[in-house]
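Reader: Please take me through the chain shown below, with the cut-offs behind each term.

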Amino acid sequence: VPPGITELIVHPGSGDPGCRRFYSDGFEHGSDLEILQHPDLSQSLSALQIKLRGFRQLARRPLPAPLPA
């Protein structure tokens, strides 16, 4: 992963009928939840010095300079 901000989009969910009804895209949201809860994920992110942030935290941060075209 290059230095800077990288967006990873996940849609975790329990896979219950209410969740399936809300998200009718056929995507397996339970898989995202399992991955996010896996103990190896936290260890891997830490080893790579990757920090998870939410939108609110990013909004308070100055934007990085754009990459050259």
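Reader: What percentage of the 69 residues of the chain count as buried?

Author: This is a predicted model, in which local features need pLDDT of at least 70 and side-chain atom pairs count only at pLDDT 80 or more, while totals for chains, interfaces and linings use all residues. Residues are numbered from 1 along each chain as its sequence is written, and side-chain values use heavy atoms, with hydrogens and water left out. Taking buried as under 20% relative accessible area, exposed as over 50% and partly exposed as in between (1.4 Å probe, protein chains only), the share of the 69 residues that counts as buried is 10%.

Reader: In which loop does Leu48 lie, and is Leu48 buried or exposed?

Author: Helices here are DSSP runs of H or I with at least four residues, and strands are runs of E with at least two, numbered from the N terminus; the chain has 4 helices and 0 strands. Leu48 lies in the loop between helix 3 (39-47) and helix 4 (55-59). Because its relative accessible area is 59%, Leu48 counts as exposed.

Reader: Which helix supplies the largest share of the lining of the largest pocket?

Author: A pocket is an open set of points on a 1 Å grid over the protein atoms alone, where a 1.4 Å probe fits, with protein on both sides within 12 Å along at least five of seven lines, and lining residues have an atom within 4 Å of a point. The largest pocket is lined by 25 residues, with Thr6, Ile50, Lys51, Leu52 and Arg53 nearest its centre. Helix 2 (29-37), helix 3 and helix 4 each supply at least two lining residues, and the largest share, 3 residues, comes from helix 2.
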